[in-house]
Structures are given as C-alpha cells and as structure tokens.
Amino acid sequence: MTDRWDAVVVGAGPAGATTALLLARAGASVLLLDRARFPRDKACSEYLSPATTEILERLGADVLAAVEGAAHAKLYGMKVVAPCGTAMCGRFRGGPRPYSFALPRTTFDTILLAAAGRAGAVVREGVAVENLVLDHGTVAGVVGRSGNRETYRSRVVVGADGLRSVVARRLGLVRSSPPRRVAFTAHVADVEGIDGVGELHVSERGYVGLGPVGGGVTTVALVLPLATVRREGRSEGGDFRRGFFAELERFPGLAGRFDPRRLVRDVLATGPFAQWSRTAVAPGGGALLVGDAADFFDPFTGQGIYAALRGAELAGQCLIPALARGVSGRSDPGREPGVRDTSGPLPVAALQSYRHARRREFAGKWLLERLIGVGVGWPALTDRVVRRLARRPDLADLLVSATGNIVPARRVLSASVLAQFLW
C-alpha cells in the first residue's frame with residue numbers, strides 16, 4: 001500500500017474522523033491514524049450542542065441516522081446551581097431543534113470513524129505517531145510506531161490528536177494559561193433527579209457536570225483545580241478516582257443522588273485544561289491543527305465536540321481546493337508549465353485561510369468560554385450571576401443558547417447584556 005498520501009490525519013476522534021471523511025469524499029488519498037483501538041472510552045461531557053446536529057446533517061444522512069438510531073438522550077437546556085444553592089435553568093431557544101444529543105463517545109466516535117472509512121479514508125488503529133517528517137522546515141509526513149517504526153509521507157498533516165497533541169508539541173506550538181483544572185469522569189446508572197437538562201453544580205472547590213447519555217446512564221464529571229488535586233493527593237495520599245463519590249457528596253445539590261454500586265464505567269481522568277496552540281497552522285507549512293489539539297479551555301460550556309466538527313469543516317474548506325490545485329512550496333524548474341505539483345507539501349500560504357476562518361468562527365466563543373471559566377472560579381461572582389439569571393429566564397435562555405452555538409456569542413458579549421447579568 002502507498003506510503004505517500006495527500007493527507008495524514010493524526011487522531012481518529014471527532015475532529016480527525018470528520019476531517020478525514022471530508023477530504024476522502026472530495027477525492028483525496030487520506031490515511032487516518034490513532035494510537036487507540038476503537039471503540040474506546042474517552043473522558044468527555046459527551047454532549048453534542050444543538051448546532052452540532054446541523055453539522056451531522058451536512059456530513060450525510062447516514063451519519064445523523066446512526067446517531068439517532070443509537071442509544072442516546074436529548075437535552076433541552078442547562079441547569080446551573082451556584083455555591084449559595086440558588087439554581088437557574090436556561091432552555092435552548094432558536095434553531096431547527098430545541099435540543100442537543102448526548103451519547104457515549106464509544107458510540108459517537110465509532111459512527112464517525114466508520115463514515116470516514118466508507119468515504120475512502122484508510123484507517124489504521126494502534127499506530128502511535130512519534131514524530132514529524134520535515135523537508136526544509138516544512139512538515140512532509142509523520143513517523144509512527146505499531147510494532148515497527150514506519151514513515152508516512154503526505155502533502156499535509158492534520159493534527160487532531162487531542163489535548164496532549166504530539167503534532168502540536170513537535171511543532172513547538174503548545175501554550176497554557178490559568179485557570180488550570182483537571183476532570184474526573186464516570187458513567188453512573190440510575191442517578192436520581194435527571195429530567196432532560198444538563199446540570200452544573202458549582203462550589204468553592206470546583207464544579208460537577210452531569211447529563212444523561214441514554215439507557216438510564218448519566219455522564220458525571222468532577223472538575224477541580226490542578227493545585228487542589230496535587231496538594232490533597234500528596235498530603236492525604238488520596239486518589240480522586242477512588243474518592244469520586246465522596247467528592248460528589250460535598251455538593252449540596254448532589255448529596256444522596258448517586259449509588260456507588262451503580263458505577264458502570266471506571267472513573268477516567270483528563271487535564272489539565274486551558275491548553276492551546278499559538279497558531280493552528282505550522283509556521284513552516286505542511287500541517288494544521290484541529291479540535292482540542294488547536295485549543296482546549298474548559299469543559300464547563302460543553303462546546304468541545306461542536307468545535308471539533310466545525311473546525312474540521314473549516315479545515316476541509318481550506319485543504320480541498322489547495323490539494324486540488326496542486327500548490328506546493330517546492331521549486332521544481334524541471335516541471336512543465338501548467339503541470340500540477342501533486343507531491344510536495346502544502347506551503348504555509350495555502351493554509352492561512354484556515355487560520356483566518358478559525359478566528360472568525362471561534363473568537364467570540366473563545367472569549368465567552370474564558371469569561372465563564374474565570375467566573376466559575378470566583379464563587380461570589382457565580383452566586384451573583386446565577387441569582388440574577390434565576391430572576392431573568394430570558395437572559396438564562398440567551399446564555400444557554402449561546403453556549404449551545406444556536407445564537408451568536410456576540411449577543412451575550414455586548415456591554416449592555418453583560419451588565420444585565422450583574423445588575
């Protein structure tokens with residue numbers, strides 16, 4: 001089989017599988033690599049914001065039908081409980097569907113991976129990418145290991161390998177910023193009081209998110225500051241995975257709602273968050289980043305899967321015409337005029353439209369996420385805002401709809417609206 005591809009996509013989660021699907025459907029030769037073997041569990045809120053459904057429709061009727069045909073839940077809004085005990089509930093308003101899907105990543109990722117394979121992408125599981133191949137400073141492929149080390153050359157490498165992206169690290173692009181938090185997630189059956197909305201419970205220690213994913217199972221995510229995890233883990237010899245349910249009992253709105261015997265998936269850990277890449281395009285060309293490899297702030301707003309799929313669409317809009325044109329950063333005086341170069345890596349100029357498109361698409365969402373992330377770490381501010389939203393259901397609906405990507409973030413970020421959250 002060929003070891004030279006139009007695109008090598010590293011990471012077969014939602015961002016990578018969707019990118020591979022779109023490129024392969026357009027006629028590109030695509031190799032999709034992942035260190036895991038599917039299906040595999042993933043620490044995640046497992047929530048698909050309402051706007052994600054529109055992307056699934058664009059990916060194909062078979063993709064959306066597979067999601068609808070799998071065991072899933074529908075969420076119609078979000079409830080937030082402040083440290084003081086006040087609760088507000090916002091509903092999704094606007095868009096063709098006033099709900100979001102929620103289903104396990106073992107199911108969702110497998111659906112997307114199968115769709116990528118049907119579109120023509122070659123999928124290789126159990127391959128750990130260790131390094132990049134460089135050609136005069138331009139990325140020209142990857143080096144992977146699955147028993148033996150192999151080199152896979154390509155015109156473009158798409159780093160979709162998540163929060164701990166090897167591609168981003170090898171490019172020297174990874175940055176981090178506060179607040180630094182860690183999440184512990186589990187599946188628990190028969191949680192009391194689940195009623196068709198997601199829940200977020202905030203305290204001075206951190207927060208807990210929970211939401212049904214179908215079949216009577218709820219995803220539960222405990223998110224704590226990294227400093228707390230390190231300090232208490234050292235001083236008490238503790239493991240937050242073993243003490244997961246004890247931590248949940250510290251939240252007044254959660255006490256008594258869980259039966260530890262109903263744990264149906266082991267507790268998984270991920271983080272620390274607030275990690276991002278200073279650019280989503282390799283400075284020397286030949287590679288770009290999608291999904292959590294490009295930026296991951298905090299799971300509080302649950303926008304990760306939407307950002308992965310929408311980012312993949314933006315990558316496809318950039319890469320498909322660039323690969324079709326045969327642009328290359330290499331100079332070949334022996335090539336006849338008008339003959340495409342379909343072998344050289346894509347130069348940085350051919351990838352800049354992706355960087356600009358990401359900024360246009362996500363700038364407002366990034367700012368909203370950062371504001372919410374800071375606010376969650378400030379209990380007095382959370383109390384004030386939640387009390388205000390409890391009295392103003394219209395504002396609660398607006399905020400929840402913005403985090404669900406069905407109204408533009410700029411509607412929340414205007415000074416007049418932000419002021420109403422406080423006074």
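Buried means under 20% relative accessible area, exposed means over 50%, and partly exposed lies in between, with a 1.4 Å probe and protein chains only. By this scale Cys84 counts as partly exposed, at 35% relative accessibility. The model is predicted, so local features need pLDDT of at least 70 and side-chain atom pairs count only at pLDDT 80 or more, while totals for chains, interfaces and linings use all residues. Residues are numbered from 1 along each chain as its sequence is written, and side-chain values use heavy atoms, with hydrogens and water left out.

The cysteines come next. The structure holds 0 disulfides, a disulfide being a pair of cysteine sulfur atoms within 2.5 Å. The sulfur of Cys84 is 16 Å from the closest cysteine sulfur, which belongs to Cys89. That is too far for a bond. Cys44 is buried, with a relative accessible area of 13%.

A nonpolar core is a set of buried Ala, Val, Leu, Ile, Met, Phe, Trp, Tyr and Cys residues joined through side-chain atoms within 4.5 Å. In soluble globular proteins, nonpolar side chains tend to be buried together. The largest nonpolar core here has 115 residues. Leu56, Phe108, Val142, Leu319 and Tyr354 touch the most other members. Helix 8 (residues 304-325) gives the most to this core, with 11 residues. Helices (H or I, at least four residues) and strands (E, at least two) are DSSP runs, numbered from the N terminus. A second, separate core has 20 residues, including Val182, Leu224, Phe251 and Val267.

Contacts were computed for individual residues, where contact means heavy atoms within 4.5 Å. Residues up to four places away in sequence are not counted for Phe108. Its partners are Pro14, Leu48, Leu56, Val67, Leu103, Ile305 and Leu309. Ser100 lies in strand 7 (residues 100-102). Ser100 is buried, with a relative accessible area of 0%. Leaving aside neighbours within four places in sequence, Ser100 is in contact with Tyr47, Leu48, Ser49, Pro50, Ala73, Lys74, Leu75 and Phe92. Asn148 is found in strand 11 (residues 148-159). This residue is exposed, with a relative accessible area of 60%. Asn148 and Thr228 are 80 residues apart in sequence. In space they are 41 Å apart, C-alpha to C-alpha.

A cavity is a set of points where a 1.4 Å probe fits but cannot get out. A pocket is an open set with protein on both sides within 12 Å along at least five of seven lines. Lining residues have an atom within 4 Å of a point. Grid points are joined across faces, edges and corners, and a volume is the space filled by probe spheres set on the points.

The count comes to 2 cavities of 30 Å³ or more. The largest cavity holds about 40 Å³ of space. Its lining consists of Leu163, Ser165, Ala168, Val174, Gln275, Trp276, Ser277, Asp292 and Ala293. Strand 18 (residues 275-277) gives the largest share of this lining, 3 residues. The lining divides into 5 nonpolar, 3 polar and 1 charged. Here Ala, Val, Leu, Ile, Met, Phe, Trp, Tyr, Cys and Pro count as nonpolar, Asp, Glu, Lys and Arg as charged, and the others, Gly among them, as polar. The second largest cavity has a volume of about 30 Å³. Pro50, Thr53, Glu54, Gly95, Pro96, Arg97 and Ile406 line the second largest cavity.

The second largest pocket has a volume of about 310 Å³. It is lined by 14 residues, of which Ser277, Arg278, Thr279, Arg359 and Trp366 lie nearest its centre. Strand 18 and helix 9 (348-376) each supply at least two residues of this lining. The largest share, 6 residues, comes from helix 9. By type, the lining of this pocket has 6 nonpolar, 2 polar and 6 charged residues.

A cis peptide bond joins Phe38 and Pro39, with omega about 0 degrees. Pro39 sits in the loop between strand 2 (30-34) and strand 3 (47-48). Glu46 is also placed in the loop between strand 2 and strand 3. Glu46 has a positive phi of about 60 degrees although it is not a glycine. At 1% relative accessibility, Glu46 counts as buried. Another cis peptide bond joins Gly271 and Pro272, with omega about 0 degrees.

Methods:
1 Å grid on protein atoms, 1.4 Å probe; cavity = no way out; pocket = protein on both sides within 12 Å on 5 of 7 lines; lining within 4 Å.
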